[in-house]
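Thanks, everyone, for making the time this morning.

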Amino acid sequence: MRRRSNARWRGCFAAVALAALLPSSARAQQRPLPWPPASLEACDALVVAEPDNVRSYYCYSAVVRAGRGSRDTAFARIAALLARRPPSPHALYVRALLLADRYDPGAEDAYAAAIAAYDASGDARGQVRARVYLSTFRSMTGQERIAEPLADAERIAKATGDAQLVALVTVEQAWAAYRSTDYGRATRLLE
């Protein structure tokens, strides 16, 4: 019975997260590329075409996760992007994602660098995203310190009034509550 309950919860979390993160139809129409792209070279082209778009940088992580490119090559390309001055907060964020995917302890510092860069740039979406995924990384690695970045992310998301950002934080808070067996809070957050 517990297994069925976990599957139901995972399905609920996935559905809410997907709904919260789907791009608007206008953005979807601007992006005719298949996702994830077929190669890291496509990511290079995206960064050149749209250097201020996080999706251009996230492409490296998506391609690696899809098995369409080498993680080492993606790291090298992100390192080259970080060598530019000033380094892109998006590149710092994707470096953290790539490190987190392999449970590298350096991901913690990489997320901290991304958060600092997003804070300095005033990019609220980046500030929220980096804090949420820092919390996720801490949770994946069995750390208890997941509440602080989520509380900061919630404050920032609510200040923007962006429903997608608020939903992203709320889903992660619900997932954290569920993992800590606070099923009542998880349910209230999802409702």
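Which arginine lies over the face of tryptophan 35? That residue is arginine 55, placed 3.8 Å from the ring centre, where a charge is taken to sit over a ring if NZ of Lys or CZ of Arg is within 6 Å of the ring centre and within 35 degrees of the ring normal.

Before going on, please keep in mind that this is a predicted model, in which local features need pLDDT of at least 70, side-chain atom pairs count only at pLDDT 80 or more, and totals for chains, interfaces and linings use all residues. Residues are numbered from 1 along each chain as its sequence is written, and side-chain values use heavy atoms, with hydrogens and water left out.

Turning to the rings, the structure holds 6 aromatic pairs, a pair being rings of Phe, Tyr and Trp (its six-membered ring) with centres within 6.5 Å, called stacked with planes under 30 degrees apart, edge-to-face over 60 and tilted for the rest. Tryptophan 35 and tyrosine 58 are stacked, because their ring centres are 6.4 Å apart and their planes stand at 15 degrees. This pair joins distant parts of the chain, since tryptophan 35 is in the loop between helix H2 (25-30) and helix H3 (40-49), while tyrosine 58, 23 residues apart from it, is in helix H4 (residues 54-65); helices here are DSSP runs of H or I with at least four residues, numbered from the N terminus. Tryptophan 35, at 33% relative accessibility, is partly exposed, and tyrosine 58, at 26%, is partly exposed as well, with buried meaning under 20% relative accessible area, exposed over 50% and partly exposed in between (1.4 Å probe, protein chains only).

Tyrosine 111 and phenylalanine 137 make a tilted pair, 6.3 Å centre to centre with 45 degrees between the planes. Tyrosine 111 belongs to helix H7 (residues 106-121) and phenylalanine 137 to helix H8 (residues 124-140), so the pair ties together parts that are 26 residues apart in sequence. Tyrosine 111 is buried at 2% relative accessibility, and phenylalanine 137 is buried at 2% too.

Finally, the cysteines: the structure holds 1 disulfide, defined as a pair of cysteine sulfur atoms within 2.5 Å. The partners are cysteine 43 and cysteine 59, with sulfur atoms 2.0 Å apart, and the link is left-handed, at -75 degrees about the S-S bond. Cysteine 43 lies in helix H3 and cysteine 59 in helix H4, so parts 16 residues apart in sequence are tied together.

Terms used. Helices (H or I, at least four residues) and strands (E, at least two) are DSSP runs, numbered from the N terminus.
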